[in-house]
Amino acid sequence: MKNRNQNHNNWMIHDDNTRHKTQDMKNRKHSRNAALLLGPPGSGKTTLANAVAAHEDISKIEAGALLKERIRTDEEMASHLKPYLEKGEMVPTQCVESVLADRLCEITRAHVLFDGFPRTEEQIRRFFALLRYQTLHLRSVAILSLDVDEAIERLVTRRVCSECGAVFNLANNPPERSDTCDQCGGELVRREDDKPEVVRKRFDVYERQTGPVVASFTREYPQLTFEHPSTALISQAAERIQRELTGP
Ligand SMILES: [Zn+2]
């Protein structure tokens, strides 16, 4: 495996492949589009992202999932990032960027849905730099809304398989036995960051850090931005985003 750690500070000169692939993409006739999901923990972003990425021309870039995957495969990154994730705190921007840039170089589908980045006002500038570098055009910004008590209610009943990663919810998507995965028989656990006190903290972090991002996109790109209440159908928002990404 190549040493990714050298590249954390500067993904622009990441490697030669990056440059070739970017050149290929510039030569494509069709424009490549990007969409962005913003919403607090538990607002259903992952479910929505999966629904949108069911489209054959759309890839999703989930910052949180990519960071967790990197932690499993990169020991040095793991020791650096784990404390942030376990406490529900923000991961340093350059780590997130490096992970996203690596992933963007691997994807082959034309359009990209971003989830979990940008999460702060200072990251907005970096987000647009990433888009420019990948010749992606922002076409849609979905803002998922949810209040903190509702989020806690949703997350405290969530269980994740420690073996295969399958997600259940004791309230609305229960496994047959509360401690065993239906799919592989693995043990079901509560994620560290789904505990109520951590959820409340993640929510506070979201409001403080990402609130200004929501305000900024709403103000600067009103024609791209729409709000999706947590009570509305996920499929409606998914179809809208797919249309905006793949449409003319
Ligand atoms: Zn399992």
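This is a predicted model: local features need pLDDT of at least 70, side-chain atom pairs count only at pLDDT 80 or more; totals for chains, interfaces and linings use all residues.
Local features need pLDDT of at least 70, side-chain atom pairs count only at pLDDT 80 or more, and totals for chains, interfaces and linings use all residues. Residues are numbered from 1 along each chain as its sequence is written.

**View A. The open sheet has five strands in the order S2-S3-S1-S4-S8.** Its pairing is parallel (two strands pair if DSSP finds at least two bridges between them). Strands (E, at least two residues) and helices (H or I, at least four) are DSSP runs numbered from the N terminus. S2 (58-62) and S8 (225-229) are the edge strands, each pairing on one side only. On average, neighbouring strands are turned by 25° against each other, direction ignored.

**View B. Strands S1 (residues 32-38) and S3 (residues 111-115) run parallel, joined by four bridges.** Leucine 37 stands opposite aspartate 115 in S3. Helix H3 packs on the sheet, touching S2 and S3 (contact: C-beta atoms, placed from the backbone, within 7 Å). The direction of H3 makes about 65° with that of S2 (angles run from 0 to 180 degrees between N-to-C directions, with axes fitted to C-alpha atoms, for helices over the stretch in contact).

**View C. Helix H3 (residues 63-73) packs against helix H4 (residues 75-87) at about 135°, with axes 8 Å apart.** H3 is therefore oblique to H4 (under 35 degrees is roughly parallel, over 145 roughly antiparallel, 65 to 115 roughly perpendicular, the rest oblique). Leu67, Arg70 and Ile71 of H3 meet Met77, Ala78, Leu81, Lys82 and Leu85 of H4. Six of these contact residues are nonpolar, none polar and two charged (nonpolar: Ala, Val, Leu, Ile, Met, Phe, Trp, Tyr, Cys and Pro; charged: Asp, Glu, Lys and Arg; polar: the others, Gly among them).

Definitions and conventions
Two residues are in contact if their C-beta atoms, placed from the backbone, lie within 7 Å.
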